[in-house]
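Here is a short briefing for a reader who is new to this structure. Look at the sequence and the model, then read on.

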Amino acid sequence: MATRKKIGLIGAGNIGGELARLFANKELGDVFLFDIPAKESFAKGKALDLEQNGAVLGYDCNIRGTSNWADLEGADVLVITAGVPRKPGQSRDDLVAINLPIIRDVANNAKKYCPDAFAIVISNPLDAMVFEYAKVTGCPKGKVAGMAGVLDSARFQAFLAREAGTSVKDVRAMVLGGHGDDMVPVLSMTTINGVPAQTLIAKDKLSAIVERTRKGGGEIVGLMGTSAYYAPASAAVSMAEAFLLDQKRLLPCAAHLDGQYGFKDMFIGVPAIIGGNGVEKIVEVPLTEEEKGMLDKSAKSVQAVVDVCKKS
Ligand code: APR
């Protein structure tokens with residue numbers, strides 16, 4: 001008899017809680033909210049609250065809090081938010097010293113208990129944390145991806161919709177590159193339902209939107225004192241759903257490159273097709289010379305953080 005899919009959420013904090021709520025609402029599987037032993041009762045409390053929420057909203061799934069990796073055995077999907085978020089004034093790269101040992105701990109346990117899971121990493125600095133997870137687990141490269149592009153693109157799309165005065169549903173845009181201040185919003189492919197964005201939005205306004213997108217995470221950290229969690233969780237769930245339902249969605253995510261876009265053995269944000277086998281294909285899109293230059297610059301920033309990790 002078919003059983004439900006098993007979803008492991010590593011980190012039961014702000015993003016972890018929102019992830020659990022979304023996975024449950026969509027009835028994508030049974031959810032395990034994992035955190036460190038000191039936070040186990042918090043994770044259990046959150047899980048109980050969310051399971052009871054199902055009685056009101058009418059979803060069927062089990063939600064459990066735990067600090068025992070054995071409970072995650074055989075998970076189909078892992079979404080990893082373990083680590084610390086940014087505080088005002090910090091860059092994502094500032095988190096590397098704290099989050100690197102955490103991602104190594106998570107990866108070692110994932111390798112032991114959930115070797116077949118499709119892993120979606122959210123912990124920052126994103127691209128380096130995905131690289132480290134893949135290195136420690138030794139998992140097939142298509143079985144791990146970083147969530148950044150869907151979120152950065154969502155921020156870009158929201159700003160474009162506001163400026164153009166259109167529905168956000170009609171905005172098509174992608175942000176590629178590393179999840180940092182030199183990410184690459186690809187203007188040459190940005191349209192409002194096929195109409196080039198430049199037709200509806202003046203050049204100076206577009207440039208301001210690109211800049212605001214690049215600093216979009218920091219803007220929220222400045223306002224809330226911690227990092228965003230609603231849109232990051234939704235973005236990761238769209239990737240997990242593409243895997244669980246074999247949707248073959250084309251989504252920007254930090255995927256392993258083996259020569260594509262001129263980069264080798266690196267995880268960085270590119271358009272990829274996600275289906276039942278994980279990241280099934282990297283899609284190479286034509287970029288303008290300027291965009292290629294920006295992607296190179298962003299890749300250098302990612303590599304610098306990866307190099308720091310390699311030395312630690
Ligand atoms: N294993 C599991 N969970 C861990 C571990 C670990 N080794 N170390 C820390 N955690 C947990 C923390 O106890 C905390 O509950 O990770 C959780 C992180 O939750 P929050 O502090 O609320 O952070 P959140 O906003 O969810 O962001 C998590 O995602 O976007 C990134 O920059 C952000 O790296 C940060 C991560």
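**Overview**

With 312 residues, a compact globule would have a radius of gyration near 20 Å, and the chain agrees, because its value is 19 Å. That radius is taken over C-alpha atoms, and the globule rule is 2.2 Å times the number of residues to the power 0.38. The model is predicted: local features need pLDDT of at least 70, side-chain atom pairs count only at pLDDT 80 or more, and totals for chains, interfaces and linings use all residues. Residues are numbered from 1 along each chain as its sequence is written, and side-chain values use heavy atoms, with hydrogens and water left out.

**The whole chain**

- The chain holds ten helices and 14 strands. Both are DSSP runs, numbered from the N terminus: helices are H or I with at least four residues, strands are E with at least two.
- Taken along the principal axes, the box filled by the C-alpha atoms is roughly 50 × 50 × 40 Å.
- Buried residues make up 53% of the 312 in the chain. Buried means under 20% relative accessible area, exposed means over 50%, and partly exposed lies in between (1.4 Å probe, protein chains only).
- The accessible surface is about 13,800 Å². Carbon and sulfur atoms account for 53% of that surface. Areas come from the Shrake-Rupley method with a 1.4 Å probe, and for residues only the protein chains shown count as cover.
- Take the contacts between residues at least 6 apart in sequence: 69% of them join residues at least 24 apart. Contact means heavy atoms within 4.5 Å.
- The chain has 36 positive and 36 negative charges, and their mean positions are 1 Å apart. Lys and Arg count as positive, Asp and Glu as negative; His and the chain ends are not counted. Each charge is placed at NZ of Lys, CZ of Arg, CG of Asp or CD of Glu.

**Helix α8 and its cover**

- Helix α8 spans residues 216-224, and its buried residues are G216, G217 and V221.
- Seen down the axis of α8, these buried residues fall within an arc of 140°, so they line one face of the helix. The arc is that of the directions from the helix axis to the C-beta atoms.
- An α-helix has 3.6 residues a turn, so residues three or four places apart point the same way.
- The cover over the buried residues of α8 includes α5 (149-164) and α7 (203-214).
- After α8 comes G225, with a positive phi near 85°.

**Residues in helices**

- R212 sits in helix α7. It is partly exposed, at 33% relative accessible area.
- Beyond residues up to four places away in sequence, R212 touches F159, R162 and E219.
- R212 and V150 are 62 residues apart along the chain, and their C-alpha atoms are separated by 16 Å.
- E132 belongs to helix α4. With a relative accessible area of 3%, E132 is buried.
- Leaving aside neighbours within four places in sequence, E132 is in contact with L100, I103, R104 and C309.
- V56 is found in helix α2 (residues 40-57). Its relative accessibility is 69%, so V56 counts as exposed.
- Between the C-alpha atoms of V56 and G29 there are 18 Å, and the two residues are 27 apart along the chain.

**Residues in loops**

- The peptide bond from N124 to P125 is cis, and its omega is near 0°. P125 lies in the loop between β5 (118-121) and α4 (126-137).
- N193 is a residue other than glycine with a positive phi, near 50°. Its loop runs between β10 (191-192) and β11 (195-196). N193 counts as exposed, at 52% relative accessibility.
- K248 also has a positive phi, near 55°, and is a residue other than glycine. K248 lies in the loop between α9 (230-244) and β12 (249-258). At 42% relative accessible area, K248 is partly exposed.
- G259 is in the loop between β12 and β13 (264-275). Its relative accessible area is 38%, so G259 is partly exposed.
- G259 and V171 are 88 residues apart along the chain, with 30 Å between their C-alpha atoms.
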